[in-house]
Amino acid sequence: MISSNKKENDANSEMNKATQGLRTLSFADPAIKAHLQLEAFKNSKFNPKEFIENITTKLVEKAKSSSKEFDPKPFIRHFEAVAEELQKTKRKVVNKIEDLEDAIQASEAGRQRKLVEINTAFEDVQSSFESLELRLTEVGNTAVRIGEQLETIDKQRARAVEARDLIQHYIELNDKNSNRLDELRKSGIEGECKAAIIARRLNAIAKDVDLPDTEKAREEIAKYCEILEKSLLESFDNAYKKNDVPTMKQYARTLYDFNGGNSCVQTYVNQHELFNRVDEIESLYNITTEISSTSATTPAIPNPNLVKLCDQIKQYVKQEWTVISAVFPNFVSVIQNFVQRVFAQTIQIHLEAILSAAENISNIYYLQALCSSHAVIRSLVQDLHKFDDTVIAAKSAGSQGGSSTSGTVLGVILDRCFDDLYVPYTEGNRYIDVEVKFLKDGFENFLVTFKAFADQRKKLPPKRGTVSTLSTPSPAQTRPSIALPTNQTASPLLSNNSTNTSSTTSASSPTKETMFGATANFTRFNQALNDMAAGFAAGIGGLGASGGTGLEIVVSPGIPSLELVGKLVEVHCGAIRRCKELNSSGDLMKNVDILFKFLVEIMGSKYLELALDIANEDFVTIDPTKNIETDLKSLIIIENTTKILQLLQLHFQHMILPLINSSPTIHREVVICKNELMARVEKQLNLLAQKQIEAIVNTLTIYLNRQKRTDFKPKDENIVSALNTPTCTQACEFLNKVNANVKKHLRGENLQVFLYEVGSQFHSMILDHIKKFPVSHSGGLILSTDLSLYHQTITKFNIPSLSSKYEFLRELGTLFIIKPENLYALIHHKNGTNASQALDGLSNSRRISTKTMGGSSSFSYLSTVDVQLLYPFLAMRTDWVKLSKLEKDMFLGTE
């Protein structure tokens, strides 16, 4: 047992020796030793696999080169040796870390001790500073108290010295001795300033002190103050004449401290050349021809002298502001005083001279001068407002340190001065009374010819003419009235405006632009007026001639004149312009209401309505036996009156409505006034149109009454003329003249209604006319020719409903041409359609029975008429009485 253990120990001993030898050999290798150093592990790219390969390279090579089986023991021993070496390295590293941690802890403890020492030192310093600051504060307070006491003592001393000096000066002046003050005043500008201060104080003392034996002192002080003020003003005036601004500024300041500077300001303002031209003003306006030539229909032309004056004032204000702001300490009140003097003296004197000269000529000169001067001075005020906003107000705010909250300096003064200038002329009803008086005189002057005509017309005895009642339509017939004149569809004036007299057309609320300076409405109105005048020129220029219509129309003063009303409206536009210029927004609407109602009154009761009354009366007294062809001047009256109402509506929309739209009450009253006039005129126009239609129908009746009974029953049946009868020719010529004149003077719906009435009534007359004359076979050809000409004439009216009526007449003529046995084929045409309108004018009002057939190009109106209604016409055939009842029924298909 012992021997076996011994053997094992010996074996282990030998193995250890062998291992120790291997370790010694292995680590002796520099390559392996380098991999076991600490620096090899500091590399951030350390790879365990590469490390194993590096330390076992030689063992692996030796194992590969040996032919024996793989023996792991060398590797084990080698790895154990490497592990032991690595443990040694680890212990070294751990020891080094522990040493470093100990050093760090020792350093941190030292730093903490130093921080505590520094903090303690800072606290000591801070307490020292606080103690020093407290001591300095106590010293400063003591110094402030000492300074205040010294200042109080100094003020008391200065007051005492000043009081002593004032007492001495007072005593000296009481003894009439002012030598010391004179010496001080003559020592220079600063001396004058001090002397002025002393004099002001002495003057205050003299007013308060009431002691015996001091009357002389008060008198001497007052005299000395007066002398001193004159001396200072003379010095200021001399500096002003030399344009020495710095010296002027010093004396202005001295005078401002002495007595507020009012005398200095007055001296400066009074010497300006604007206030030294009073003697020249009368010579500028004493010649009436120098007043701007103007008329009632043209805008006011400003007086050139006033325009020149306002331009000079704008320049003077800018120049004087430069001097005033540099010289006077109270420059705001000085510039205000200067501007007030300019308006109250210079401008007012010029304005009074202009208006006085204009008033001596006429009202229109006065009104135009008043309006033009108002516009010129208003422009001046606007320019001064701009200058005030951009220059004066900025300077005023800067002098107050930017704390000015009063806004502009001259704004209120300029507006007040401007209003005060025109108060004597526009206050209350002064202006509007003059305007209305001028309009009254002007309108009466324009209407003098018409008024003379109307007065003469009243003096004439009433004519005992025969009222034409021929062809009076039956009560069953309905006549459409003439359309409202201002609503014509083809109106050259209002075709694009869609106006309606009953409409209370609204416009945008008036702003400052529409109240003053808004010329857009006047421009549009003048343009529309020019367009209307161009469109109406052809109808107005040839009113005294036939105008290519073949019917001579003589124009009398009783016919409403568009040219005359155009002048009235132009004059009224001038009044509206002046009203807009001269009135404030509060009075503007009231005065516009007065002016427009006055225009409506003149145009209505004193012109249009009177002219239409005369025209209607003339129609009542027409004697058809003296004038075969009726006078068509009523067409001119209707046309001109319609255009006049259109002009009035245009004037209302462009000139009146924008100014009154903001007042619902005035707007409603004006619209009612205008609409009432148009309603009255429309009623008279409708009456006049109906009378004109009756007169035309009466003339046609006269022509038809001239028809001979043998015209359609010639004696020689073999000789038939291809010409129309004289009656037909004359009637058609008259209808062509009527058509040309109506189309010349009427437009749109009025034209259609008028021509339809004429054509429809004439259609009824022809139907009755045919039933009065026997017609032979050859006479039927003549009758057909007449009816065809009637159809051609009426077709020129360009009214489809009338064309169909006369187409029936043309076909009716064929009843007298064909043989009796062919009547059935003609009357019972298979292609007829409904044409009940073709016989609307038959004398009997029996309802026409019609048949509806398929339409074709061979349409026949006769096939749609009840056969019974054709009996009266067939009865006029000369061969009809020869037929038996059986033949008649057979030919007509009524058996």
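**Aromatic pairs in a predicted model**

Modeller: Phe-762 has 0% relative accessibility, so Phe-762 counts as buried. Keep in mind that the model is predicted.

Colleague: Why is the pair of Phe-712 and Phe-773 called edge-to-face?

Modeller: Ring centres must lie within 6.5 Å, and planes over 60 degrees apart count as edge-to-face. Here the centres are 6.0 Å apart and the planes stand at 85 degrees, so the pair is edge-to-face. Phe-712 and Phe-773 are both buried.

Colleague: What does the pair of Phe-712 and Phe-773 tie together?

Modeller: Phe-712 lies in the loop between helix H24 (664-705) and helix H25 (726-745). Phe-773 lies in the loop between helix H26 (748-770) and helix H27 (777-795). The pair therefore ties together parts 61 residues apart in sequence.

Colleague: How do you know that Phe-762 and Tyr-790 form an edge-to-face pair?

Modeller: Centre to centre is 5.4 Å, with 85 degrees between the planes. Those values meet the limits of within 6.5 Å and over 60 degrees. Phe-762 is in helix H26 and Tyr-790 in helix H27, so this pair ties together parts 28 residues apart in sequence.

Colleague: What lies over the face of Phe-652?

Modeller: Lys-674, at 4.9 Å from the ring centre.

Conventions
Residues numbered from 1 in each chain as written. Predicted model: local features only at pLDDT ≥ 70, side-chain atom pairs only at ≥ 80, totals over all residues. Heavy atoms only, no water. Phe/Tyr/Trp six-rings, centres within 6.5 Å; stacked < 30°, edge-to-face > 60°. Helix = DSSP H or I, 4+ residues; strand = E, 2+ residues; numbered from the N terminus. Buried < 20%, exposed > 50% of the residue type's maximum accessible area, 1.4 Å probe, protein only. Lys NZ or Arg CZ within 6 Å of the ring centre and 35° of its normal.
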